[in-house]
Amino acid sequence: MQIIIVGCGNVGSTIVEKLSKEGHNITVIDTKSDAIKNVTINFDVMGMVGNGAGYTIQKEAGIEDADLMIAVTGSDELNLLCCLIAKKAGGCHTIARVRNPVYSREISFIKEELGLSMVINPEDAAALEIARVLKFPSAIKIDTFAKGRIELVKYRIEENSILCDQSLKNISAKLKCDVLVCMVERGEDVYIPDGNFILRAKDEISVVGSVKNSVQFF
């Protein structure tokens, strides 16, 4: 993909690092020459010094052929303007970093009117991740789907767990909780279990359910 990234701070640099490793063609824009120099030296990307919201510099960066614009400067307004111009100039997908809670409450309207593909808030995402970890302190891994309504939690069964030596159909009846154990990892083997499957200590199970039911299950 042809990707243009505006903003080479901590967030921008991290995005550049991840995407460059995936082999994308990346051009970065920032008003600070030192930031551009640092990124271009460390990663295989093109760099331009200037205001990423300017049509001229976006055109020089190749916005007309770009697949994606990501604006992650420290200014919400500048990020939104970058994406608006990119959408008009190139018709590419756009992602803006927006941190202000005022904008966050109106994000649906902003996305629709500006044609944004996605809005990201790293601080908010970190807070949500911390909250998920606190809800499931014994979990190995937590993933969310359907805009946060469904959670997949990976959990290792300990020796003294209520789940030990129980069949899945007995667990559902015993705990009275509507979740699905969709996968069990036992050593090198992976199982897609049915109701008769017996759980053992040290099994790693993947549990899918709504947020409410997942919390109730654990």
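What is the volume of the largest pocket? The largest pocket has a volume of about 630 Å³.

This is a predicted model, in which local features need pLDDT of at least 70, side-chain atom pairs count only at pLDDT 80 or more, and totals for chains, interfaces and linings use all residues. Residues are numbered from 1 along each chain as its sequence is written, and side-chain values use heavy atoms, with hydrogens and water left out.

## Pockets

A pocket here is an open set of points on a 1 Å grid over the protein atoms alone, where a 1.4 Å probe fits and protein lies on both sides within 12 Å along at least five of seven lines; lining residues have an atom within 4 Å of a point. Grid points are joined across faces, edges and corners, and a volume is the space filled by probe spheres set on the points.

The volume of the largest pocket is about 630 Å³. Its lining has 20 residues, of which Val119, Ile120, Asn121, Asp124 and Leu128 are the closest to the centre. Three elements, α6 (107-114), β6 (118-120) and α7 (122-135), each contribute at least two lining residues; helices (H or I, at least four residues) and strands (E, at least two) are DSSP runs numbered from the N terminus. The largest share of this lining, six residues, is from α7.

The second largest pocket holds about 200 Å³ of space. Of the 17 residues that line the second largest pocket, Gly7, Cys8, Asp30, Thr73 and Gly74 are the closest to its centre.

Asp30, one of the residues closest to the centre of the second largest pocket, belongs to strand β2 (residues 25-30). Asp30 is buried at a relative accessible area of 12%, where buried means under 20% relative accessible area, exposed over 50% and partly exposed in between (1.4 Å probe, protein chains only). Between Asp30 and Ile192, 162 residues apart along the chain, the C-alpha separation is 49 Å.

Helix α6, which supplies part of the lining of the largest pocket, has buried residues at Ile107, Ile110 and Leu114. These three cover an arc of only 60 degrees around the axis, so they are on the same side of α6; the arc is that of the directions from the helix axis to the C-beta atoms. An α-helix has 3.6 residues a turn, so residues three or four places apart point the same way. On the face of α6 turned away from the buried side are the exposed residues Ser108, Phe109, Glu112 and Glu113.

Lys88 is in helix α4 (residues 76-90) and is exposed, at 70% relative accessible area. Lys88 and Gly115 are 27 residues apart in sequence, with 9.4 Å between their C-alpha atoms.

## Cysteines and aromatic rings

A disulfide is counted where a pair of cysteine sulfur atoms lies within 2.5 Å. The count is zero disulfides. The sulfur of Cys92 has its closest cysteine sulfur in Cys83, at 8.1 Å, which is too far for a bond. Cys92 is buried at 3% relative accessibility, while Cys182 is partly exposed at 23%.

Rings of Phe, Tyr and Trp (its six-membered ring) pair if their centres lie within 6.5 Å; planes under 30 degrees apart count as stacked, over 60 as edge-to-face and the rest as tilted. There is one aromatic pair by this rule. Tyr191 and Phe197 form this tilted pair, at 5.3 Å centre to centre and 50 degrees between the planes. Tyr191 is partly exposed at 30% relative accessibility, whereas Phe197 is buried at 13%.

## Positive phi values

Most residues other than glycine have a negative phi, and most peptide bonds are trans. Asp165 has a positive phi of about 60 degrees. Asp165 sits in the loop between β8 (150-156) and α8 (168-175) and is exposed at 51% relative accessible area. Lys202 also has a positive phi, near 80 degrees. The loop between β10 (189-191) and β11 (204-210) contains Lys202, and Lys202 is exposed at 52%.
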